[in-house]
Amino acid sequence: HYNQARLFFNSQTPAEQKHIIDAFAFELGKVTVPAVRERTVSMLRNVTDDLAIPVAKKLGITQLPAPMPPATDKVAIVCEDGVDGAAVRDVAEALIAEGAVVRLVSSRLGEIAGSGCNVEADTTYEASPSVVFDAMVVPGGKAAADALMSNGEALGFIRNLFRHCKPMLVLGEGAQVLSKAGIDPNASFPGVHVAAKGSDGTADLIASMIMHRHFERETDPPMV
């Protein structure tokens, strides 16, 4: 993950950081295809702009490319009967379009009755704990929210992902689930996005996934 590279770069002295910047510029200067140089700078932006910007300047890249999207990141969408199936479908499609790997997590495998459309759970809280995911979506749907709030495994799944500072998108009645898990949905935690519907929050989630983790909300001991 880019976090490890960021921690390493930030741990270096200014002289050592300059050597790293010069090394990237030296090696990329041998690349004859401009698109490859730009993609590498895009990747470096996910590490830190303190590295990407000086490398770009040395390569003559005047228009800084956007950070590389969160391809291959695993996203859990928690689902129980009564979930807003249309929102699950729309959010999943938007994430997959960005290259993310979406898994629908529930208390059981198989078809989940949803409003708008049914969805298919392909793993469970027990089989796929939150540590294997990079981000999470808690969709709306009153019956689904009620089921999640009465399920200790689901609440633990949500708490652990929050504790590990990973991005979260919470939709509609999902805010009640967040509150039940001990996380204030109105606290504006970094990387936690609360929205009425998926179209209002998916772009924010994707932007947070580029950062991978949001350590600003880490506490010792954990707040939840």
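Predicted model: local features only at pLDDT ≥ 70, side-chain atom pairs only at ≥ 80, totals over all residues.
Residues are numbered from 1 along each chain as its sequence is written, and side-chain values use heavy atoms, with hydrogens and water left out. Helices (H or I, at least four residues) and strands (E, at least two) are DSSP runs, numbered from the N terminus. Buried stands for under 20% relative accessible area, exposed for over 50%, and partly exposed for in between (1.4 Å probe, protein chains only).

**Salt bridges**

- There are eight salt bridges, each being a side-chain nitrogen of Lys or Arg within 4 Å of a carboxyl oxygen of Asp or Glu.
- One of them pairs Asp22 with Lys58 at 3.2 Å, N to O. Asp22 sits in helix 2 (residues 14-28) and Lys58 in helix 4 (residues 49-58), so this bridge ties together parts that are 36 residues apart in sequence.
- Another is formed by Asp81 and Arg108, whose closest N and O atoms are 3.0 Å apart. This pair links distant parts of the chain, with Asp81 in the loop between strand 1 (74-78) and strand 2 (83-84), and Arg108 in the loop between strand 3 (101-106) and strand 4 (110-112), 27 residues apart.
- Asp81 is partly exposed, at 37% relative accessible area, and Arg108 is partly exposed too, at 34%.

**Nonpolar cores**

- A nonpolar core is a set of buried Ala, Val, Leu, Ile, Met, Phe, Trp, Tyr and Cys residues joined through side-chain atoms within 4.5 Å.
- The largest one has 26 residues, and those with the most contacts inside it include Met136, Phe157 and Val177.
- Elements giving two or more residues to this core include strand 8 (135-138), helix 7 (152-163) and helix 8 (174-180). Helix 7 gives the most, with six residues.
- Leaving aside residues up to four places away in sequence, Val177 touches Val138, Ala145, Leu148, Met149, Leu155 and Ile158, where contact means heavy atoms within 4.5 Å.
- A second, separate core of 24 residues has Val102, Val119, Leu169 and Met209 among its members.

**Helices**

- Helix 1 (residues 2-11) and helix 3 (residues 34-47) pack with their axes 8 Å apart, at an angle of about 75 degrees. Axes are lines fitted to C-alpha atoms, for helices over the stretch in contact, and angles run from 0 to 180 degrees between N-to-C directions.
- Helix 1 and helix 3 are therefore roughly perpendicular to each other, a label for angles of 65 to 115 degrees.
- Tyr2, Ala5 and Arg6 of helix 1 make this contact with Met43, Asn46 and Val47 of helix 3.
- In helix 5, the buried residues are Gly85, Ala86, Ala87, Val88, Val91, Ala92 and Leu95.

- Most residues other than glycine have a negative phi, and most peptide bonds are trans.
- Thr72 has a positive phi of about 75 degrees although it is not a glycine. Thr72 is found in the loop between helix 4 and strand 1 and is exposed, at 59%.
- Cys165, also not a glycine, has a positive phi of about 65 degrees. Cys165 belongs to the loop between helix 7 and strand 9 and is buried, at 1%.
- Asp220 and Pro221 are joined by a cis peptide bond, with omega about 0 degrees. Pro221 comes in the segment after helix 9 (198-211).

Terms used: Parallel < 35°, antiparallel > 145°, perpendicular 65-115°, else oblique.
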